[in-house]
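Hi everyone, thanks for making time for this. I'd like to walk you through one structure today, so please have the sequence and the 3D view open as we go.

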Amino acid sequence: MNAPFKNLIAGEWAGGVNASRNINPSNTNDVVGEYAQGTVEDLNNAVAAAKAAFPAWSRTTPQERYDILKKASDEILARKDELGRLLSREEGKTLAEGIGEAGRAGQVFAFFAGECLRLSGEMVPSVRPGVGVEITRDPLGIVGMITPWNFPIAIPAWKIAPALAWGNCVVIKPADLVPGSAWALVDIIQRAGLPKGVLNLVMGRGSVVGQALLEHKDVTAISFTGSVATGRKVAAACIAGNPMKKVQLEMGGKNPLVVLDDADLKVAVEVAVNGAFFSTGQRCTASSRLIVQAGIHDRFVEACIERLKGLSVDDALKAGTHIGPVVDQSQLDQNLKYIQIAKDEGGKLAFGGELLKRDTPGFYLQPALFTETTNAMRISREEVFGPVANIVRVKDYDEALAVANDTEFGLSSGICTTSLKYATHFKRNSEAGMVMVNLPTAGVDYHVPFGGRKGSSYGPREQGAYAKEFYTTVKTAYTLA
């Protein structure tokens, strides 16, 4: 085994006395690498480095920041196949999905390179004679980032890029389960020309590194993506701190896909299967609730089962694989628990839900589709975060909309219909931050806002130009002429 991959602190690779093994979920005998387990001291040193770097970095020109972000983008895109393979090896999504995610990270950096040059302010007349008013945006300071395991390069990219574009310094703690992609991304960005201390990476346990990041008085803001339970703890810690921290939370989803009687059946099945089961269902935007009108219900179920029978569940790196393994044993256990809960509640397991054996030892689970479920069951209320979906039968559009909105979450929703009337009404009345018509609920563009409502999100949106609402603060200046 090679020496552990270290943390990046003050522009130097440091730490690594203790390390954890990064295991390939497609082949548990394959160790991707050993990665440093950071300490509270490492985190404190990273924050100190960011604090020292902030005065100069926050005053760099837009061109300087553009050049660095664009150079990072160019390298990410040039190496997307290599980075995608690393991602798929450590997280378990298929190679095509891994390469696609790596490419998206490059596109995100290219977009925010442009945002460096697009940031503007306002000059407005005062209500008082002889007074001028300027409205500008300043960087926040030091932004702490806590990122999840399911998008190990895209989510760090869409947090780091806007933070740097608008002059902030960053301390990022990636998910302990998949540190490799974040390490590779940070290495690329640092070599693109960042001054020392502007970007710092501290890998390790959330209970150690993450908690220290939340409690550090010099961290100005926290951007978090993860579970609802952890998100609530993050928010509480940010509010309880002195000084209080600005906070942005992206959490769970129990996303509905409505299928109406007038839907194109082939389109509806592809939308449902893609949204519910691709990326092994490990997406906060996954279509885990399929709400199907009675007239198309039986045909839809039959067609979905036929489609699922044709999907290959296997090693993420193997050609022809449609669905890779679950990320680890803990997540696999959670999936199996919910499959049993659904059975106990009276749901009918129409397809799948079985553990699978492949050529290599891994966390392979056949996609599970439940029918005869209601929206009151736990399988309809709680996020499973795996290749498990359930179908709720409804009589008409009005019931479908009511069921779709009957959830504590509000991230993404979708409808399959050929009716302009119903599509328009659903877009207006769906209680979700993102709405899809004849498209999977999972799958979004990087140049527009990402985020939800209710228990799914808290604080300003991520991605696109709207990201500035979190990563900058507004200043109003008055001048007497």
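Before I point at anything, one definition: UniProt positions are given in the numbering used here, feature names are shortened, and annotations may be inferred rather than shown by experiment. Keep in mind too that this is a predicted model.

With that said, let's begin with what the record tells us. An unreviewed UniProt entry annotates residues 20-476 as "domain: Aldehyde dehydrogenase".

Now to a single residue. Which residue does the UniProt annotation "active site" cover? In this unreviewed entry, the answer is Glu250. Please find Glu250 in strand β11, which spans residues 246-250. Is Glu250 buried or exposed? Buried means under 20% relative accessible area, and Glu250 has a relative accessibility of 3%, so it counts as buried. If we set aside residues up to four places away in sequence, Glu250 touches a number of others, among them Phe224, Thr225 and Gly226. Its contacts also include Leu411, Phe450 and Glu462.

Next, let's turn to a sheet. There is an open sheet of seven strands, with mixed pairing, and its order is β14-β15-β16-β13-β12-β17-β18. Which strands stand at the edges? They are β14, residues 348-351, and β18, residues 434-437; each has a single partner strand, so one side of each is left without a neighbour in the sheet. From one strand to the next, the twist averages 25°.

Let's zoom in on β12, β17 and their partners. β12 is residues 256-259 and β17 is residues 412-416, and the two pair in the parallel sense over three bridges. If you want to check this on your screen, Val258 has Ile415 in β17 as its bridge partner, and Leu257 stands opposite Gly414 in β17.

How are the side chains of β12 arranged? Pro256 and Val258 point one way, Leu257 and Val259 point the other way, and all are buried. β12 also runs parallel to β13, residues 289-293, with four bridges joining the two. One of the places to look is Pro256, whose bridge partner in β13 is Arg289. To get from β12 to β13, the chain crosses through helix α9, residues 265-277, in a right-handed β-α-β crossover.

Back to β17. Why is β17 described as largely enclosed by the rest of the structure? Because five of its five residues are buried. Both faces are covered: Ser412, Gly414 and Cys416 are buried on one side, and Ser413 and Ile415 on the other. β17 runs parallel to β18 as well, and four bridges join them; in β18, Val435 is the bridge partner of Ser413. Here too we find a right-handed β-α-β unit, made of β17, helix α14 (residues 420-429) and β18.

Now a helix. α6 has 13 residues, 179-191; at 1.5 Å a residue these should span 18 Å, and the end C-alpha atoms are 18 Å apart, which agrees. Of those 13 residues, 12 are buried, so α6 is largely enclosed by the rest of the structure. The buried ones include Trp183, Leu185, Asp187 and Gln190. Just after α6, look for Gly193, which takes a positive phi of about 120°.

My last stop is another open sheet, with three strands in the order β5-β6-β20 and antiparallel pairing. β5 (122-125) and β20 (472-480) are at the edges with a single partner strand each, so one side of each has no neighbour in the sheet. Neighbouring strands here are turned by 25° against each other on average, direction ignored. β5 and β6 pair over four bridges in the antiparallel sense, and Met123 has Glu134 in β6 as its bridge partner.

Thr136 lies in strand β6, residues 131-139, and its relative accessibility is 32%, so it counts as partly exposed. Thr136 and Thr472 are 336 residues apart along the chain, yet their C-alpha atoms are separated by 9.5 Å. Leaving aside neighbours within four places in sequence, Thr136 is in contact with Thr473, Val474 and Lys475.

That's my tour, and I'm happy to take questions.

Conventions:
Residues are numbered from 1 along each chain as its sequence is written. This is a predicted model: local features need pLDDT of at least 70, side-chain atom pairs count only at pLDDT 80 or more; totals for chains, interfaces and linings use all residues. Side-chain values use heavy atoms; hydrogens and water are left out. Two strands pair if DSSP finds at least two bridges between them. Axes are lines fitted to C-alpha atoms, for helices over the stretch in contact, and angles run from 0 to 180 degrees between N-to-C directions. Buried means under 20% relative accessible area, exposed over 50%, partly exposed in between (1.4 Å probe, protein chains only). A crossover is right-handed if, with the strands pointing away from the viewer, the path from the first strand over the helix to the second runs clockwise. The expected span of a helix is 1.5 Å times one less than its number of residues. Contact means heavy atoms within 4.5 Å.
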